[in-house]
Amino acid sequence: MTALPTLLVLDAEPPPRLGRLTGRARVVHTDEAGLAGLLPGADVLLVWDFASHAVRSAWPGEGPRPGWVHTASAGVDHLMCPELAASDTVVTNARGIFDAPIAEYVAALVLAMAKDLPRTLEFQREREWRHRESRRVAGTRAVVVGSGPIGREIARTLKALGVTAAVVGRVPRTGIHGPDDLDRLLSRADWVIAAAPLTERTRGMFDLRRFGVMQPSACFVNVGRGQLVDEDALVRALEKRWIAGAALDVLTGEPLAADSPLWRVPGLLVSPHMSGDTVGWRDELGAQFVELFERWVAGRPLRNVVDKQRGYVPGH
C-alpha cells in the first residue's frame with residue numbers, strides 16, 4: 001500500500017478547508033514555532049499564513065525539505081530565502097485569485113480621490129455644507145508599475161473608466177513599457193499605481209526622486225508591497241504638496257501602529273491590506289490549492305510556478 005503524502009500546513013485563522021483531500025493526504029497543521037521541526041517529514045508545504053516570515057528562518061535547517069511549497073498569496077517575498085531559491089523545491093503562488101478584486105479596489109480609490117469623497121465624509125460628520133468642484137476621471141492618464149496579471153487587470157479596469165493606462169514591467173514587450181520609460185510616464189501621469197512584486201530591483205523604487213518627477217496634481221496608490229515605497233519620502237512629498245494625494249493598502253510595517261504618523265498625513269488614505277480580500281476569498285484560495293494538489297498527485301505540471309530567482313511567476 002502506497003503511503004499517503006504528508007501535507008504540512010502553516011496555519012492561520014481561519015484554517016483552510018481541505019476536506020477534498022481526506023484519504024488522499026496526511027494533513028499536519030503547525031504554527032510558526034513548530035514549523036522547523038516538521039519540515040523534514042513533509043512532502044508539501046502550504047503556507048496558509050502568508051503574513052508569516054517563518055519559512056525564511058526555518059528552511060535552512062537540517063534534513064530533507066518538501067519538494068513543493070505553495071503560498072496562499074500573490075507575493076513570495078515573505079518565504080523566499082537563499083537556500084529555498086537554490087533548492088530543487090517548486091514554489092507556486094495564488095496567481096489569479098486577487099486580480100479583479102484589487103483592480104476594483106484601485107478603481108474605487110481613484111474615484112474616491114478624484115471626487116474628494118474622504119473630505120465629503122468628514123464634512124458630513126461635522127455637519128458642514130462645503131460645496132467643491134471635483135475632478136473628471138475620464139480623459140486622465142495612469143501608469144501601472146507591475147505587468148503581472150494584477151497590474152494588467154488594473155489597467156483594463158481603469159481603461160473602462162476612460163483612463164489612458166500605461167503598464168510598466170521588468171522588460172519591454174508588446175503593450176508593456178520597460179523601466180527606461182518609467183520616469184517619462186510618471187511625469188505625465190495623473191494616477192501612479194504600484195502593483196509590482198518585491199524584488200531587489202523594486203525595493204524602495206518610489207523614493208524622493210520619483211515623487212519629485214510626478215506632477216503636482218498626481219495621486220499615488222500602492223497595492224503591491226509596502227517596501228516598494230520610501231514612506232518618509234512619500235510623507236515629505238505630500239507635506240510639500242509635490243503630489244496631490246496618496247493611498248497605501250500595503251505598508252512597510254503591518255499592522256500599522258496606532259501611534260504611527262502615517263495616520264495623520266494630509267492627503268493620505270491608509271487601509272489595512274484589504275484590497276484583494278473579498279467575501280469568499282479564503283474558499284477560493286483553498287479550492288485553488290486543492291486543484292493544484294490534484295495535479296501534483298497525478299504527476300501533471302503545476303500551474304503558477306514561481307521563478308525563484310525573479311520572485312514571481314513569469315509569462316503573460
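**View 1. The buried residues of helix H10 in the predicted model.** In this predicted model, the residues of H10 that are buried are Trp-281, Leu-285, Gly-286, Gln-288, Phe-289, Val-290, Leu-292, Phe-293 and Arg-295. These buried residues pack against four strands, namely S1 (6-10), S3 (44-47), S4 (68-71) and S5 (90-92).

**View 2. Helix H10 along its length, and the glycine that follows.** Helix H10 runs over residues 281-297, and its 17 residues reach 25 Å from the first C-alpha to the last, which is close to the 24 Å expected at 1.5 Å a residue. After H10 comes Gly-299, a residue whose phi is positive, near 80°.

View 3. Thr-278 lies in the loop between S11 and H10. Although Thr-278 and Ile-102 are 176 residues apart in sequence, their C-alpha atoms are 9.3 Å apart in space.

**View 4. The second largest pocket and its lining.** The volume of the second largest pocket is about 790 Å³. Its lining is made by 27 residues, of which Met-113, Asp-116, Arg-119, Ala-244 and Gly-267 are the closest to the centre of the pocket. Two or more lining residues come from each of helix H4 (99-114), helix H5 (117-125), helix H9 (231-239), strand S10 (245-248) and strand S11 (268-270), and H5 gives the most, with six residues. Sorted by class, the lining of this pocket holds 15 nonpolar, three polar and nine charged residues.

Definitions and conventions. Residues are numbered from 1 along each chain as its sequence is written. This is a predicted model: local features need pLDDT of at least 70, side-chain atom pairs count only at pLDDT 80 or more; totals for chains, interfaces and linings use all residues. Side-chain values use heavy atoms; hydrogens and water are left out. The expected span of a helix is 1.5 Å times one less than its number of residues. Buried means under 20% relative accessible area, exposed over 50%, partly exposed in between (1.4 Å probe, protein chains only). Contact means heavy atoms within 4.5 Å. On a 1 Å grid over the protein atoms alone, a cavity is a set of points where a 1.4 Å probe fits but cannot get out, and a pocket is an open set with protein on both sides within 12 Å along at least five of seven lines; lining residues have an atom within 4 Å of a point. Grid points are joined across faces, edges and corners, and a volume is the space filled by probe spheres set on the points. Ala, Val, Leu, Ile, Met, Phe, Trp, Tyr, Cys and Pro count as nonpolar, Asp, Glu, Lys and Arg as charged, and the others, Gly among them, as polar.
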